[in-house]
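Biologist: Could you walk me through this model? I would like to begin with a sheet and then move on to the interfaces.

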Amino acid sequence: MGWIGFPHVIYKSRPQPVDFSHKIHADKAGTKCEDCHSFRDDGTYAGAPTLDKCSSCHAAAMGDSAAEKNFIDRYVTPGKEPQWVSYARQPENVFFSHATHVKLGGLKCEQCHGAVGSSATLRPVEEDRVGGYSRDVWARGTMDDCVACHRQRHQENSCLDCHK
Amino acid sequence: MTTTRRNLFQFLGGGAVGALITPAPWRLITDTAIWSENWPGIPKPARGEIRTRFTHCSLCTAGCAMRARCVGQQPVSLAGVKTHPVSRGALCPWGIAAHHLPYHPRRLRQNPWQEAAAAVSAALSGGGRMAVLDLRPGRTASWSYRRALAALPKGVYLAPQQPGFAVDLASARTVLSFGAPLLDRWGTPGNVFAARRNFRLIQAEPVETRTAALADEWLAIRPGSESALAAWLAGELPLLEAAARTGIEEGRIAALGKALSENGPALILDRDLTSSAMALNKRFKGTLVARREAPVPESWKKAAPVSDIAAVPDRSLNVLVIDESVPGEYIPWPAIEPKLAGNAVVVAFAWTREGYGRHARYTLPAALFPEALDDIPGAIDSVAATFRLSTPLVAANGPVADPVAFVTKLAGLDAGNALRERADAIHKAGRGSLITYADSKSTAVKDLKAEDFWKGLNEGGCWMEDAVRTPLPYGRGSDKSSPIAEPDASMPLEIVVAESPVGPLCSPLLSKLYRESNLRQPVSRIVLSPFDAQAAHIKDGGAAVLETGRGRFAVLAAVDPGVPPGVVQVAIPILAGRGKVVAA
Amino acid sequence: MKRYGMSIDLDRCNGCGACMVACAVENNIPATPENSNDRKGITWIRVYKIDNKEQFPDRRSAFVPVLCQQCGHETPCVHVCPQQAVDVDPATGIVGQMPERCLGCRYCMAACPYHARYFNWWDPKWPAGMEKALNPDVAPRMRGVVEKCNFCHGRWHAAKERAAIAGKREIDPADYVPACVEACPTGALRFGDLNDPAVEVARDAKTPESFRLLEKLGTEPKIYYRSEREWVREIANAPRPGKENVRG
């Protein structure tokens with residue numbers, strides 16, 4: 001009871017707007033993480049891709065799944081941006097730099113985001129009802145997890161390096 | 001087994017201890033802390049790709065080049081463009097927060113266009129006379145007004161008098177300023193401060209303004225004695241007399257004359273660029289040059305001439321359209337009102353009702369920076385002819401009415417493409433270069449196609465003619481100097497304007513910061529010397545009434561021994577003259 | 001190991017206030033309420049007017065921008081904070097305030113000898129629509145917390161990301177210029193690494209006309225002021241520059 005029921009008490013579940021499969025895109029389209037989740041020239045991270053990235057291939061149906069048809073009808077054709085729910089959304093006062101962790105720290109996407117690249121569906125985002133953090137981000141809640149890894153790698157920083 | 005109260009307490013106690021071992025209470029504490037940091041109702045800034053767009057500030061004729069840092073298409077901050085040869089990357093405080101203007105809370109939200117157009121048509125139908133008062137002449141829009149008014153049977157184009165010269169500050173080595181606020185809201189700030197180390201500045205004015213504080217020498221002349229000093233410099237007044245009238249020792253006045261003659265090139269400026277300053281520049285070969293304008297299409301030149309409001313016969317105007325859409329020189333209403341016929345229809349285009357809207361029958365909402373596309377005429381210190389656009393960075397945040405469309409429609413003129421036609425005329429003339437900011441390049445106009453020239457201007461580029469520095473055919477200056485008022489026992493104090501008012505066209509953030517820091521004198525405050533304050537029984541910070549020829553004003557008085565006796569220091573330019581202060 | 005500091009030329013500052021406005025725009029300072037005053041308003045940098053205390057016509061004035069002096073030794077606010085909501089970054093020397101950790105006791109405001117810390121008496125509100133123009137690099141603060149100048153850490157973050165994407169650990173100095181320094185039209189404000197002898201600011205700091213406010217307290221501030229006028233340099237020992245500009 002606790003195992004199944006308790007999370008519903010603590011977490012609020014929000015589904016993703018589109019039933020997207022990373023696995024299909026990785027296998028059939030041969031896409032890697034950075035093909036859609038890219039860095040901009042100034043070093044900021046673009047996060048989830050915007051509609052134009054998807055439309056560049058999915059202007060017309062490429063397969064025969066219902067999910068794709070639904071996507072094209074509801075988003076591509078009317079030009080509406082899907083309101084993706086972020087798994088890793090941090091509070092406003094947190095500054096996380098992908099560029100520093102990936103380019104300078106040499107971290108791989110899977111180390112923090114898990115095996116998302118090979119997942120067939122997108123899990124609903126389970127957000128903590130009080131604090132707002134999602135279950136699926138590596139730092140499961142406060143910054144203690146970030147601090148633990150930073151201490152391990154001797155990257156002791158000042159507060160304002162990660163806060164704004 | 002019966003459950004007793006003791007069992008209950010044991011269960012609860014055990015549960016509490018047990019709960020401490022679980023993560024639950026610790027999570028609750030940290031989650032609550034996080035929840036308290038993300039207080040609802042605190043706006044979250046929008047996120048998105050950071051882009052750079054360019055424009056020019058239209059808050060004054062300096063038209064400083066601006067780099068807008070945008071989140072998506074929305075500007076979130078503004079900075080200067082260092083590579084611009086005149087504005088040099090400098091912006092004034094008003095420009096820095098100018099992107100807030102579309103959201104100004106006191107912005108007009110009603111647009112009675114139809115009623116205004118109907119009223120104007122009715123007034124003109126019986127052969128009425130229409131005038132347009134353009135507070136910022138020299139724009140392409142100004143040409144459109146003049147063309148439209150030429151097409152109307154009795155159209156008159158009115159504008160504040162513009163000097164026919166430009167000030168070449170960079171060439172000057174000795175500058176004498178009669179109260180011109182050279183170092184605070186004069187010309188193009190970037191240009192002034194870049195040239196500052198080139199010249200010695202002597203500031204002649206009764207109170208210590210910002211410019212006087214930073215000048216190389218401050219001549220604390222008696223108020224109203226500027227003409228005496230000017231007369232001595234012109235050789236029309238003996239030195240002793242000038243010293244007596246100004247209150248400055250002969251030695252310092254003589255040294256001033258010597259500096260202007262021997263440490264040239266010289267430059268003499270005053271607040272209103274009067275004939276007397278012009279005459280002195282002629283005498284000392286001041287660094288003034290002929291003002292040059294960007295080329296206009298030939299067909300435009302048969303437009304209505306620029307008339308001075310004083311030349312309009314009284315009670316002759318049936319319609320007056322006032323273009324207050326961009327800040328310009330404010331002509332006091334008492335100078336305008338006598339020219340209006342009975343039942344004249346006055347339509348003002350403004351962003352607020354606080355200007356001419358107080359007198360107009362219809363006030364139509366104007367677009368605010370950076371919503372509108374407009375060109376900016378050159379500033380007083382713009383030696384080379386220039387053409388630059390204030391490009392629209394955001395969509396209008398509310399209903400807006402275009403004054404040019406209103407006027408040209410009445411005349412049956414289509415001026416919708418006027419800016420493009422002007423750009424094409426400049427391109428055709430083949431002179432000058434286009435300075436683009438994204439790549440910091442300057443391309444000769446000859447090497448550009450007309451289409452690319454227009455595109456470059458719309459992306460925030462600036463056309464500049466190579467500086468020609470035509471010597472000035474010295475004519476008359478403006479006649480704006482008011483006659484020295486006779487001493488009047490009922491108005492014992494001389495009103496001296498220490499600085500221009502801050503608002504209202506400014507971001508609410510700017511006015512709040514000035515209020516909190518007390519950095520600029522607000523319009524509601526006057527400053528008196530301790531001598532005068534005591535005579536009027538006014539304490540520092542006390543309420544007072546300032547009586548002037550233009551009315552009585554409730555003010556707060558500050559007492560400062562740095563202000564000379566006999567002077568009341570204000571921040572309202574139109575009040576200059578004499579006044580009296582009494583305790584409230 | 002950097003030590004970021006500023007050099008402010010008081011012979012150039014004309015008291016225009018562009019630095020104050022640029023700072024407020026960059027750091028999402030709210031544009032309301034209408035009834036804030038010099039004691040409740042938030043001005044991470046504030047320009048004061050000082051004078052030589054003479055009467056007309058010998059009165060001379062000057063303008064002094066005062067911001068967090070980024071004390072380098074025995075930093076008073078760091079010492080007194082019960083929450084460790086402020087720390088000194090050893091890599092840059094910047095004294096960083098974290099409003100999200102602050103509980104609003106205002107001990108630091110009492111401790112700061114330069115009165116450079118400000119309290120959020122109200123929740124931030126902007127006129128309708130102006131929230132669109134907020135800077136995403138700085139988080140708006142709720143009421144009840146203290147805030148102060150952090151040398152535009154949002155720009156520091158952006159400079160670090162720009163360097164990281166190019167694989168560099170050191171930022172390009174041209175990428176990191178605080179808003180006030182960028183905005184100053186007279187060139188009175190200069191910013192840079194005091195430890196780098198090649199940088200203008202480091203050289204300015206060593207000239208004889210340079211002084212720091214309240215040096216006698218031993219806080220080792222990193223803001224150097226300079227003026228050729230003796231009476232201006234005397235403010236180094238004054239309890240507070242200026243008299244709140246009430247003379248107008």
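Modeller: In chain B, five strands make an open sheet in the order β16-β17-β20-β18-β19, with antiparallel pairing; strands are DSSP runs of E of at least two residues, helices are runs of H or I of at least four, both numbered from the N terminus, and two strands pair if DSSP finds at least two bridges between them. This is a predicted model, in which local features need pLDDT of at least 70 and side-chain atom pairs count only at pLDDT 80 or more, while totals for chains, interfaces and linings use all residues. Residues are numbered from 1 along each chain as its sequence is written, and chains are lettered from A and ligands numbered from 1 in the order in which they are written.

Biologist: What lies across β17, β18 and β20 of chain B?

Modeller: Helix α15 (residues 450-458) of chain B does, running at about 40° to β18(B), where axes are lines fitted to C-alpha atoms, for helices over the stretch in contact, and angles run from 0 to 180 degrees between N-to-C directions.

Biologist: Now the interfaces: how many residues of chain B are in contact with chain C?

Modeller: On the chain B side there are 58 residues, in contact with 55 residues of chain C, a contact being two residues whose C-beta atoms, placed from the backbone, lie within 7 Å. Helix α16(B) gives the most to that side of chain B, with eight residues. The chain B side divides into 35 nonpolar, 14 polar and nine charged residues, counting Ala, Val, Leu, Ile, Met, Phe, Trp, Tyr, Cys and Pro as nonpolar, Asp, Glu, Lys and Arg as charged, and the others, Gly among them, as polar.

Biologist: And which residues touch the most other members of the largest nonpolar core?

Modeller: Of its 226 residues, those are Leu91(B), Cys19(C) and Val21(C); a nonpolar core is a set of buried Ala, Val, Leu, Ile, Met, Phe, Trp, Tyr and Cys residues joined through C-beta atoms within 7 Å. Leaving aside neighbours within four places in sequence, the contacts of Leu91(B) include Cys57(B), Met66(B), Ala18(C) and Pro185(C). A second, separate core has 26 residues, among them Val207(B) and Leu493(B).

Biologist: What about chain C, how many helices and strands are there?

Modeller: Chain C has seven helices and 10 strands. Its radius of gyration is 18 Å, close to the 18 Å of the globule rule for 248 residues, so chain C is as compact as a globular protein of that length; the radius is taken over C-alpha atoms, and the rule is 2.2 Å times the number of residues to the power 0.38. Buried residues make up 55% of the 248 residues in chain C, where buried means 20 or more other C-beta atoms within 10 Å of the residue's own, exposed means 12 or fewer, and partly exposed lies in between, with C-beta atoms placed from the backbone.

Biologist: Which peptide bonds of chain C are cis?

Modeller: Among them are the bond from Thr32(C) to Pro33(C), with omega near 0°, and the bond from Phe56(C) to Pro57(C), with omega near -5°.
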